[in-house]
Structure formats: structure tokens, C-alpha cells
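Reader: I would like a close look at one part of this model, taken slowly and with the cut-offs stated.

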Amino acid sequence: MAKSGCVLSIQVGRVRPLQVGGRKLMSAIGKAAVSAPVAVGPLGLAGDEQADLSVHGGLSKAVYALPREHLAWWQAQRQARGVSLFDEALAPGALGENLSLQGLNEEAVFIGDTWHFTEVVLRVTEPRQPCGKFNAVMGYDQAGRDMVQSGRCGFYLSVDQPGTLSAGESFVVQPGEQVTSIAAALRHKARKHMR
């Protein structure tokens, strides 16, 4: 049985100032949902920007996807640390994701898998890794550690076939070599970083 998924929503964002540890940095981590179909090119979604192309964006990290159910888990982590004063739910795009998904998680997604939409084909390239900007947006210093330990990181995708993508669109997964899952790749990168 072929794996499949659905894009529940699509988000894009522009670079803007972000306060991190008393410093003002530029970031496009907070994305906003778009309702119209979005053009997808080799460098990502039309209307989307990245501030630091050394860690986000480029050909191999053109699109960032995250399972939608992770947002509730991240909200609970924020509430447990007193960050979320008004119990507001994290909106899709809050973690910087372009695509909010249903149907796949980090254990089921493998590097090299391709996702076939009506027009667009995306290829899974690597797990998202946390950064200091992620900690700032989440509101607590251990958010990056929690991402690695929980495996709730999402996945970067390259664009194999450009086209137009719409919220609500389903896709079929064509398995790659099925050697390294996103969860395993994140654990490996974390161990390597800790040396």
C-alpha cells in the first residue's frame, strides 16, 4: 500500500526583525497561511523568504513541511514553561513551516522519498534542525533540545518538478531507497553535533 498525505495549509513569510537574546536579527520564521494556489519553483514557494540561506532555503531546503499535529505538542511545551499566557494555539506557520501536513511523521518519511502532487514533485532531503531563532520564537531556551529529543522536527524538501500547489491537495509518496528516516537522520546529526 502506497503512503500518502495531505497538505492541510500552505504558509509563506517575509523577512522581518526578530528579538533574540536582546539582539535584533532578521528572520522569516513566522509564516502566514495563504488561501490561493501557490507557485512552487526550484527555490521554494512564491512569496516566501529566508533570512539566512546558510541554514534555511536554497535548492535542497526549498520547502519546509511539518505534521500539523506537532503544533499541539509544541503548544503544551510552551504552556508547561509558562510561555503561553493566553493558551492560544500555535497557528500553522508558527514554526516556520511552509506546508502543514496530515498523514506522515518523521519515522515514516525517508530521505530520498518523492511526494507527487497534481503538478508538483517534492523530494525529502533532510530533517529541520533547531536554531537560536527557533528558541526565541518558542519562548524558551531548551526548545531546540526538545526538538531533537522528541523528533518533532519536520522535513526539508527540494523541488524536483515546479508547478502550482493548493491547500487541501493530496500527494502520493514514491519511496526512495528507504535507508534513513528523518527521525534517524535527526538523531545522527544530534550525536555528531554533541561530539
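Are W115 and F171 buried or exposed?

Author: Both W115 and F171 are buried, buried meaning under 20% relative accessible area, exposed over 50% and partly exposed in between (1.4 Å probe, protein chains only). The model is predicted: local features need pLDDT of at least 70, side-chain atom pairs count only at pLDDT 80 or more, and totals for chains, interfaces and linings use all residues. Residues are numbered from 1 along each chain as its sequence is written, and side-chain values use heavy atoms, with hydrogens and water left out.

Rings of Phe, Tyr and Trp (its six-membered ring) pair if their centres lie within 6.5 Å; planes under 30 degrees apart count as stacked, over 60 as edge-to-face and the rest as tilted. By this rule there are six aromatic pairs. One of them is W115 with F155, edge-to-face at 5.7 Å centre to centre and 85 degrees between the planes. W115 belongs to strand β9 (residues 114-116) and F155 to strand β11 (residues 155-161), 40 residues apart; strands (E, at least two residues) are DSSP runs, numbered from the N terminus. F155 is buried, as is W115.

W115 also pairs with F171, here stacked, with 4.6 Å centre to centre and 20 degrees between the planes. F171 lies in strand β13 (residues 170-174) and W115 in β9, so this pair ties together parts that are 56 residues apart in sequence.

How values were computed. Helix = DSSP H or I, 4+ residues; strand = E, 2+ residues; numbered from the N terminus.
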